[in-house]
Amino acid sequence: MSGALQYTAKRILLLVLTMILVSFLTFLAFELVSGDPARTMLGTEATEAQVSALRQELGLDRPFFTRYFSWLGGFFSGNLGVSYSYRQNVWDLIGSKLELSLLLSFISFLLIAVVSIPLGIYSYRFTGWFADWPRTTLNQLCMAVPPFFMGILVSWCFGIVLRLFTPGDFPGLRVNFAASLRHLFFGAICLSIPRIAMTVRMLRATVISEMNKAYVRTAISRGNDRKSVLLRHVLKNSMVSVVTFLGQTLAELVGAGIVVEQVLGIPGLGRFLVTSISHRDYPVVQAIVVLLAFWVVLSGTIADLVNQAIDPRLRITAGGGLT
Amino acid sequence: MKKRILALILVLALSVLPACGKTAEPVSTPETTAAPAEAATPAPTEAVLTGRAATNEINIGIAQDFDSLDPDTMTAAGTKEVMFNVFEGLVKPSSDGEIVPAVASDVVKSDDGLTYTFTLRQGVKFHNGNPVTMQDVVFSVERRWNSDDAAAILAALSVIDHLDHDDSTLTITLSEPSNEFLAAVMNAYILPADYDAQATAPVGTGPYKFVSRTVQDSLVLERFADYWGTPGKLDKVTFKILENAEGLVLGLQSGALDLVAHLSSDQTVQLNSDDFAIQEGSMNLVQALYLNNAEKPFDDVRVRQALCYAVDKQAVIDLAFDGYGIPLGTSMFPSFSKYYDDTLTDYYTLNVEKAKELLKEAGYPDGFEMTITVPSNYTPHVNTATVLVELLREIGVKATVQPVDWSTWLEEVYSNRNFQSTVTGLTSDNMTARKLLERFGSKVGNNFTNYSNKEYDEILSKALSETDDAAQTELYRSLERNLTENAANVYLQDMADLVAMRNGLEGLTFYPIYVLDVSTLSWAK
């Protein structure tokens, strides 16, 4: 019991520390990289006097640490600040993007889990040159296709030719939920195909190596049939690394959506992050980066908990198993 | 326990697989079943077209998001381009480059050029239904004149000495005559005096009123029924933001968009000419290889001239722009017909021998190495730089392209002048030629090329204080000639503005400034 408490406390501490560290590093990165938000906003037409007046208005003339701590103070009191370029409250801007990105990630994750786990388990049977090369080729192809091309391919195939959705016309969850969901589903396909390929490959490799282990041979020689050994023992042992991998995937998905969001015209968080970085809209960037950090730590925690449920050995070392 | 979890995972994995197909199915059926169902029979774009044409609305694709919608804090050119339909000043630009009365019905300039009298137009209403009063007008002009807000003074009316007004006329007295004053008034939008929600719900007097905006996604405008002038033809205009070049093309092809401006030639060739018409206007900017005149070797006029002789403008236009674009020889483009001197365009023609000779004289018989810093998000400029590298190789100059992001470019190249050469486009946002020329004065803050020429400074100060329009025009023309003769920069072209419009749409009007007027657009009956 105290173990669980200790675990929770450590996780929360890790979460807070990660978020502070990440926010500080982001702040520092922007300090080091060239590009002045005021100049970026005003463009080439403004005079130096106008730029410095705007710098003052935005509080950019204050020293680095003053700015950071005032941001941090605002963050802990729930105030994320006002976007430089939109002049709107950051949280109001991010909220609807966050729900879209989460939904997109969730659908993608579901696709990955649902397609790759059975495929991975059963593909171990098909070995030998004749079965191998088409599978390996397809697998490599799916992994190698760059996301923007996958986005174009899916848009063209399902959007332009089959007309199952309209690329570039995302209706909005509150306007037309069904059509939005369909749009997101095709985004999720782009996102999940390379990851399905990776998961299948990994799971297959793990299952094969497990199947060659002594305990499997023993179990089969004792009269158990292959299938039940696979399902009862091998799978359980293979699951730990897969769950860890899926946890990482879950963490990646929100960030990975950037390109797909751009090509398919989904107004999500990733796209917003990229635009805000190029506009040097610090308050928005800070908020999104911290949210992503939160998401990454959370995904890791979820994977950890699932693994502990599957494998009791991990539960014993849970107190020290923070890494 | 263990078994149950295992079973659960398997059941989930196996049972959701077929179910997945089922969940996807109903998603693709409701409401818009028309698309997949009709896909077999008529051309699907036809169905989409009749849809929006029937409801008299269009979707326009925009390549970057809008910033603040409040005229006081709005700085992005792309936002001003669209909000032109929502806001108006006392005067506004016309498509042929004139400044015409808008919220004022009449403007009278005194003979000494010091007083302007504006008569408030009767019956002008704001989008919230309130009539425009003199109180609103005075508020709006004063905001641009003596505001503390940094962004608000961008369209500065600093030459104003004082205002006088009664219920129907506003008299503005200037401290000195200014030929640019009316252009500045044009940008001082008339706003309701007691309204502070412009950033989220802008209210103006233009032909279209603001309906809604979703950051990073869309902006919706609707026709303003009580507009004082020629009303808009379309009922509803939705601007869809797609920051990706492929996304814009896909949006047109899929039927999501009806019109996209500022396309590149390689985007337009992907469009089917049965569905789209491509219209060509000009971007009204001066694209050039801008040289840092203070940096070696560009501090030597012979080196700069050598580059001008080596660069074939038409080759740049043909190779990087498929032939779309108007060659330029100085810092002025043809839309400013009054100031534009066409004879300067071919001042330097391709002459490799002469270029090599000039380099030799300047002490670079074997050429030199140079860096072209380009803003990486502007593909046309990056492509231009790539072609320039090849052209300069002919005279032994080894150029390399260094792409940087826009913010870095603004800081390093534009503000700190820490660069050797760059490709960019300079423009004038207020219909006056002044901005294109004033920036090359040696003492001017935004003279990022460090061009320093005594004669130029003298003509410039004369030109800026000249009140007679004809004399000023003459002075501006000699400034242009000075820039060309001294090869201040390698002037290239006024880039083409390619607009794709779905067939059936008509009435697109090009302006000499960067605006997209939706009030003249309509679907053919």
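Me: How many helices and strands are in chain B?
Reply: Helices (H or I, at least four residues) and strands (E, at least two) are DSSP runs, numbered from the N terminus. Residues are numbered from 1 along each chain as its sequence is written, while chains are lettered from A and ligands numbered from 1 in the order in which they are written. This is a predicted model in which local features need pLDDT of at least 70 and side-chain atom pairs count only at pLDDT 80 or more, whereas totals for chains, interfaces and linings use all residues. Chain B has 16 helices and 21 strands.

Me: What percentage of the residues of chain B count as buried?
Reply: A residue is buried if 20 or more other C-beta atoms lie within 10 Å of its own, exposed if 12 or fewer, and partly exposed in between, with C-beta atoms placed from the backbone. Chain B has 525 residues, and the buried share is 46%.

Me: Among contacts in chain B between residues at least 6 apart in sequence, what percentage join residues at least 24 apart?
Reply: Two residues are in contact if their C-beta atoms, placed from the backbone, lie within 7 Å. Of the contacts in chain B between residues at least 6 apart, those joining residues at least 24 apart make up 69%.

Me: Which helix gives the most to the side of domain 1 of chain A that touches domain 2 of chain A?
Reply: Domain bounds come from an automatic or database domain assignment, which gives domain 1 (3-76) and domain 2 (91-314) in chain A. Their contact takes 14 residues from domain 1 of chain A and 12 residues from domain 2 of chain A. On the domain 1 side, helix 1 (2-32) and helix 2 (37-42) of chain A each supply at least two residues. With 10 residues, the one that gives the most is helix 1 of chain A.

Me: Which helix of chain A supplies the largest share of the side that touches chain B?
Reply: This contact takes 58 residues from chain A and 61 residues from chain B. Helices of chain A that each supply at least two residues include helix 5 (90-122), helix 8 (177-211) and helix 10 (226-264). The largest share, six residues, comes from helix 5 of chain A.

Me: Where is the residue P297(B) found?
Reply: Most residues other than glycine have a negative phi, and most peptide bonds are trans. A cis peptide bond, with omega of about -5°, joins K296(B) and P297(B). P297(B) is in the loop between strand 13 (285-291) and helix 9 (301-310) of chain B.

Me: Is R280(A) buried or exposed?
Reply: R280(A) is not a glycine, yet it has a positive phi of about 55°. R280(A) lies in the loop between helix 11 and helix 12 of chain A. Because R280(A) has 27 C-beta neighbours inside 10 Å, it counts as buried.

Me: Are helix 10 of chain B and helix 12 of chain B parallel or oblique to each other?
Reply: Axes are lines fitted to C-alpha atoms, for helices over the stretch in contact, and angles run from 0 to 180 degrees between N-to-C directions. The axes of helix 10 (residues 313-321) and helix 12 (residues 379-393) of chain B come within 9 Å and cross at roughly 125°. Angles under 35 degrees count as roughly parallel, over 145 as roughly antiparallel, 65 to 115 as roughly perpendicular and the rest as oblique. Helix 10 of chain B and helix 12 of chain B are therefore oblique.
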